[in-house]
Amino acid sequence: MITMEKPKKIAPGIFRPYPGGALTDVRRARAAAEDWAGGEGYPSGVVDSVALVITELCTNALRCVAGAAGFAALVYPVELPSGAAGVCVEIWDADPEHMPEQQEPDFAAESGRGLFIVNNLTGGLWGAQLLAYNKGKTVWAAIPCT
Ligand SMILES: Nc1ncnc2c1ncn2[C@@H]1O[C@H](COP(=O)(O)OP(=O)(O)OP(=O)(O)O)[C@@H](O)[C@H]1O
Ligand SMILES: [Mg+2]
């Protein structure tokens, strides 16, 4: 598992809970993130990366967590370790037992690519954090704005 430190939040951004655990919630989370990032004036390449990353992380949260506990999505501006600006996508799910594990890229396989894509779009700046009191975990990924 990746144990990167989450970059520093520099403004509130958005928080959206999707308690139902429906596949359509992935689309809603993606649309909310795109609206927010577009409204903030980020370049279209950054908006596209935010959309792709949130889609992958929300799909994982839905697929990997047993039951319909749903997920929650945060999207907010950060300062990257380099000092550059970035956008962090952070997805909460209820499962503290299993953590995201990036697979070896196998482009003949039907799945196992999501985190590989996230890793590339973030330059490796992503990770997962367990929450205290068995409250699940968050998986975050920081997209550079340059
Ligand atoms: N939120 C999560 N909770 C628990 N396990 C996770 C979570 N996200 C990812 N994983 C684990 O990491 C693995 C790799 O995730 P990744 O997104 O790269 O591939 P995938 O979801 O299996 O396939 P694809 O994204 O290509 O449809 C998953 O198969 C799963 O075992
Ligand atoms: Mg996936």
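The model is a predicted one, so local features need pLDDT of at least 70 and side-chain atom pairs count only at pLDDT 80 or more, while totals for chains, interfaces and linings use all residues. Residues are numbered from 1 along each chain as its sequence is written, with chains lettered from A and ligands numbered from 1 in the order in which they are written.

Let's start with the helices. Helices here are DSSP runs of H or I with at least four residues, strands are runs of E with at least two, and both are numbered from the N terminus. Two packed helices are described by the angle and the distance between their axes. Helix α2 (residues 44-64) and helix α3 (residues 114-121) have axes that come within 10 Å and cross at roughly 145°; axes are lines fitted to C-alpha atoms, for helices over the stretch in contact, and angles run from 0 to 180 degrees between N-to-C directions. On the α2 side, S49, L52, V53, E56, L57, T59 and N60 take part, and they meet G114, I117, V118 and L121 of α3. Contact means that the C-beta atoms of two residues, placed from the backbone, lie within 7 Å. Sorted by class, this contact has 6 nonpolar, 4 polar and 1 charged residues (Ala, Val, Leu, Ile, Met, Phe, Trp, Tyr, Cys and Pro are nonpolar, Asp, Glu, Lys and Arg charged, and the others, Gly among them, polar).

Both helices also turn up around ligand 1, each supplying at least two residues of its shell. The largest share, 5 residues, comes from α2. Of the 19 residues around the ligand, N60, C64, S111, G114 and L115 come nearest, where being near means a C-beta atom, placed from the backbone, within 6 Å. The shell has 6 nonpolar, 7 polar and 6 charged residues.

Next comes the largest nonpolar core, with 36 residues, of which V50, I54, L57, C58, A73 and V89 touch the most other members. Such a core is a set of buried Ala, Val, Leu, Ile, Met, Phe, Trp, Tyr and Cys residues joined through C-beta atoms within 7 Å. Again α2 gives the largest share, 9 residues. L57 touches V89, I91, V118, V139 and A141, leaving out residues up to four places away in sequence.

Finally, Q129 lies in strand β5. Q129 counts as partly exposed because it has 16 C-beta neighbours inside 10 Å (20 or more is buried, 12 or fewer exposed, with C-beta atoms placed from the backbone). Q129 touches K137 and T138, again not counting residues up to four places away in sequence.
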